[in-house]
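Please walk through this model from its overall division into parts down to individual residues and their surroundings. Keep the coordinates open beside the text.

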Amino acid sequence: MELNEKRMISRLAELGRVGIDAEGRRIRLAADDADRAGRDLVMGWMREAGLRTAVDRIGNIFGIWETEENRGRDAVMTGSHIDTVINAGQYDGCYGVIAGIEVIASLREAGLRTERPLAVAAFTNEEGVRYSPDMMGSLVYAGGLSAEAACASVGIDGTVLGEELERIGYAGTEEPGFLKPAAFVELHIEQGPILEAEGYRIGAVEDLQGISWQRITIEGEQNHAGTTPTSYRHDAGVAAAKVITFMRGRCLQPGSRTVSTTGCIEFSPNAINVIPDKAVFTVDVRNPDESTLQAEEKALAAFLEELEKTDGVRIRTERLSRFKPVLFDAGIVRLVEKYAGKHGLSCRRITSGAGQDAQNMALLCPTAMIFAPSHKGISHNPAEYTADEDLIAGAEVLADVLGELAEAH
Ligand code: HGY
Ligand code: MN
Ligand code: MN
């Protein structure tokens, strides 16, 4: 079966042109107008491929190919997300959705039949930039969060997700989980440097690291930047800086696999000559091992307690999301290796450093992922790039893995 490579590549580029703001940044946050435009485009391509489209109550969208013969059997599913971070690249998530549509469209156009229905999903709010937790749509789909609770999420802009889904016309009626998956395979860019640096074409993703997101609020005392002696200060800004460098210190311990990021920070009153009395910031900590991740969380909590005493500040934390590490299905990982080999593509096993919808689908069914290389490992950045031949190679492996799982003939 041949994929229509041109169609897939041009669609990725077309979707990549949706949601470019006045400063030229690509931003499609969950349920905003740009996300709606992206969703409309993808739903159109699903219909063009002759798929039945469906939207569930948390706005996950699906393209389903079922026949008289296979209707009612558990479906083989693929997919990813089309929402982005701020100033994003064009491949993260979108690649898996567009390639999934391409594979199913090509199977149909080749006149092949499958013993199982095939479906491609675009899950709501994978990135978690506007609403927490991240990987939200697939978490609701897998039963890890109720649709009600998810729809009640209040965004960083004060909007309510359920209302936004209504507003953009994607508050669907299907019950999350309505399609029972027999297996789920997600194609994604690696977003890291390993495949390219080591010269591999395909990553057979066998596991995924745990993620801990917190919002930390530190309250000190507002005062004059010039007249206040250092010993009198209760500086929320300095305390926040100590937390950020403490976490970097944990990551730099010999042999540590922990990574930690403070991506958002706000001071108030945020004036050049005023000691900030408030710092609100996020801490994203990850590690492939659950007990180590818990140890990192405990060390951070102990450090915050100590900081309250040493700096005379008050600190409160808010859990935003927490995912344990996930092991993917060994059988599907072997299928990825088998078909990479069939296509003469060098392949290595790899851990996903990023959170993925697949980690939630793994709660429901045998699940694994396929990675294509990311140039220089850059992602969550407009310079994100994967060469066309690598995009196509990954989609060909996806086609074969899905074909075997759905018993195409
Ligand atoms: O944050 C992540 O790892 C993913 O991009 N949502
Ligand atoms: Mn992604
Ligand atoms: Mn991402």
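Predicted model: local features only at pLDDT ≥ 70, side-chain atom pairs only at ≥ 80, totals over all residues.

Residues are numbered from 1 along each chain as its sequence is written, chains are lettered from A and ligands numbered from 1 in the order in which they are written, and side-chain values use heavy atoms, with hydrogens and water left out.

The domain assignment divides the chain into domain 1, made of 5-209 and 326-405, and domain 2, covering 211-323; such bounds come from an automatic or database domain assignment. Between the C-alpha centres of domain 1 and domain 2 there are 33 Å. Where the two meet, 15 residues of domain 1 are in contact with 11 residues of domain 2, contact being taken as heavy atoms within 4.5 Å. The area buried between domain 1 and domain 2 comes to about 940 Å², with carbon and sulfur atoms giving 57% of it; buried area here is the accessible area, for a 1.4 Å probe, that two parts lose on being put together, summed over both. Within domain 1, the residues that lose the most area to domain 2 are S132, D134 and Q209, which together make up 54% of what that side buries.

What is the make-up of the side of domain 1 that touches domain 2, by class? That side has 5 nonpolar, 8 polar and 2 charged residues, where Ala, Val, Leu, Ile, Met, Phe, Trp, Tyr, Cys and Pro count as nonpolar, Asp, Glu, Lys and Arg as charged, and the others, Gly among them, as polar. Across the interface of domain 1 and domain 2 the rule finds 0 salt bridges, a salt bridge being a side-chain nitrogen of Lys or Arg within 4 Å of a carboxyl oxygen of Asp or Glu. For polar contacts, the rule finds 2 residue pairs across the interface of domain 1 and domain 2, both at pLDDT 80 or more. A polar contact is a pair of N or O atoms within 3.5 Å; within protein, one must be able to donate a hydrogen and the other to accept it, and residues adjacent in sequence count only if both atoms are side-chain atoms.

R286 lies in strand β12, residues 278-287, where strands (E, at least two residues) and helices (H or I, at least four) are DSSP runs numbered from the N terminus. R286 counts as buried because its relative accessibility is 16%, the classes being buried under 20% relative accessible area, exposed over 50% and partly exposed in between, with a 1.4 Å probe and protein chains only. The side chain of R286 reaches the backbone oxygen of G353 at 3.3 Å, and among the residues that R286 touches, beyond four places in sequence, are Q209, I211, W213 and G355. I211 itself lies in strand β7, residues 210-219, and counts as buried, at 0% relative accessibility. The C-alpha atoms of I211 and K324 are separated by 6.6 Å although the two are 113 residues apart along the chain. Beyond four places in sequence, the residues touched by I211 include D134, M135, R286 and F323.

The loop between β4 (118-123) and α4 (136-141) holds P133, and the peptide bond leading from S132 to P133 is cis, with omega near -5°. M135, in the loop between β4 and α4, has a positive phi of about 50° although it is not a glycine, and M135 counts as buried, at 1% relative accessibility. N125, also placed in the loop between β4 and α4, is buried at 2% relative accessibility. The side chain of N125 reaches the backbone oxygen of P133 at 3.3 Å, and the contacts of N125 beyond four places in sequence include A30, D83, P133 and M135.

Further backbone features lie elsewhere. A cis peptide bond with omega of about 5° joins S268 and P269, and P269 is found in the loop between β10 (265-268) and β11 (274-275). K376, in the loop between β16 (367-372) and α12 (388-405), has a positive phi of about 60° although it is not a glycine, and K376 is exposed, with a relative accessible area of 61%.
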